[in-house]
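Hello,

Here is the structure we talked about handing over. Please have a look, then read on for what turned up.

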Amino acid sequence: MGNNPADKKPSSTVNPEGTKPNPGDQGAPGTPGVGENVCRVCSGTGKVAGAECPTCGGTGVVLEELGGA
Ligand SMILES: [Zn+2]
């Protein structure tokens with residue numbers, strides 16, 4: 001066995017917390033002016049009709065632009 005240069009390695013942009021953007025997210029975590037908000041689709045339950053909410057990815061929260069006041 002040897003090192004295979006074609007071996008897939010994790011991207012350097014992997015989020016340490018394993019969070020990934022959801023369809024309902026309007027910005028990346030940590031972006032100024034973007035904050036967590038309760039998902040309007042599932043009302044924060046993370047589920048819709050017994051299934052994982054596709055908008056927030058089952059987290060119950062989405063990242064939305066806060067319209068900086
Ligand atoms: Zn949701």
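Start with Ser43. Ser43 counts as exposed because it has 12 C-beta neighbours inside 10 Å, and the cut-off for exposed is 12 or fewer. Bear in mind that this is a predicted model.

The backbone at Ser43 deserves a look too. Its phi is near 60°, a positive value in a residue other than glycine. Ser43 sits in the loop between strand S1 (34-38) and strand S2 (47-48).

Ala49 also has a positive phi, near 55°, and is not a glycine either. You will find Ala49 in the loop between S2 and strand S3 (51-52). With 6 other C-beta atoms within 10 Å, Ala49 is exposed.

Now the overall layout. The protein has 4 strands and 0 helices. In sequence order the pattern reads β-β-β-β. Of the 69 residues in the protein, 12% are buried.

Next, the core. The largest nonpolar core has 6 residues.

Cys39 is worth a click. Leaving out residues up to four places away in sequence, Cys39 touches Gly24, Gly44, Cys53, Thr55, Cys56, Gly60, Val61 and Val62.

Last, contact range. Take the contacts in the protein with a separation of 6 or more: 47% of them join residues 24 or more positions apart.

Best wishes

Methods:
Residues are numbered from 1 along each chain as its sequence is written. This is a predicted model: local features need pLDDT of at least 70, side-chain atom pairs count only at pLDDT 80 or more; totals for chains, interfaces and linings use all residues. A nonpolar core is a set of buried Ala, Val, Leu, Ile, Met, Phe, Trp, Tyr and Cys residues joined through C-beta atoms within 7 Å. A residue is buried if 20 or more other C-beta atoms lie within 10 Å of its own, exposed if 12 or fewer, and partly exposed in between; C-beta atoms are placed from the backbone. Two residues are in contact if their C-beta atoms, placed from the backbone, lie within 7 Å. Helices (H or I, at least four residues) and strands (E, at least two) are DSSP runs, numbered from the N terminus.
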